[in-house]
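Here is a short report on one protein chain. Please keep the sequence and the 3D view open while reading.

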Amino acid sequence: MREYPLLTAVCAGHDPLLGRPAASGRGGEVRLERLDDDLEVLADRLEAELAGGGCALVVRNTVDRVLEAAAVLRGRFGRGR
């Protein structure tokens, strides 16, 4: 049986963490916006939008693109953010 959603988190040197969250019953607003495919544009936008705190989800469609974005965002924000 396949469970959905399945959340996976990975960190170098550790086993993957798998989560199968149950529905919370809560609602919320989600805003989806396509940006130019430029990592500096992404980093600038995140810096502006999250200046007062918060979180963001960045979706990339390949592992290579995820790693590329992670490198740029770590360079901009550091490893701890």
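The report covers confidence, the core, the salt bridges and a surface patch.

## Confidence

This is a predicted model. The protein chain has an average pLDDT of 87, and 94% of the residues reach at least 70. Among its elements, helix H1 (residues 39-49) has the highest mean, 95. Strand E1 (residues 7-9) has the lowest, 86.

## Nonpolar core

The largest nonpolar core has seven residues: Leu39, Leu42, Ala43, Leu46, Ala69, Leu73 and Phe77. H1 gives the most, with four.

Alanine 69 also contacts Leu39 and Arg60, leaving aside neighbours within four places in sequence.

## Salt bridges

The structure holds eight salt bridges. Glutamate 33 pairs with arginine 45, with the closest N and O atoms 3.0 Å apart. Glutamate 33 sits in the loop between strand E2 (17-19) and H1, and arginine 45 lies in helix H1. Aspartate 37 and arginine 60 form another salt bridge, at 3.6 Å from N to O. They are 23 residues apart in the chain. Aspartate 37 is exposed, because its relative accessibility of 57% is over 50%. Arginine 60 counts as buried, because its 17% is under 20%.

Arginine 76 bridges to aspartate 44, with the closest N and O atoms 2.8 Å apart. This pair links helix H2 to helix H1, across 32 residues. Shared partners also join Asp37, Arg60, Arg65 and Glu68 into one network.

## Surface patch

Val63, Val66 and Leu67 form a nonpolar surface patch, with about 280 Å² of accessible area together. Valine 63 belongs to helix H2 (residues 63-77). Its relative accessible area is 61%, so valine 63 is exposed.

Methods
Residues numbered from 1 in each chain as written. Predicted model: local features only at pLDDT ≥ 70, side-chain atom pairs only at ≥ 80, totals over all residues. Heavy atoms only, no water. Patch = residues over 30% accessible without salt bridge, like charges linked within 9 Å, V, L, I, M, F, W, Y side chains within 5 Å. Areas by Shrake-Rupley, 256 points an atom, 1.4 Å probe, with all protein chains shown as cover. Salt bridge = Lys/Arg side-chain N within 4 Å of Asp/Glu carboxyl O. Helix = DSSP H or I, 4+ residues; strand = E, 2+ residues; numbered from the N terminus. Buried < 20%, exposed > 50% of the residue type's maximum accessible area, 1.4 Å probe, protein only. pLDDT = per-residue confidence, 0-100. Core = buried A, V, L, I, M, F, W, Y, C linked by side-chain atoms within 4.5 Å. Contact = heavy atoms within 4.5 Å.
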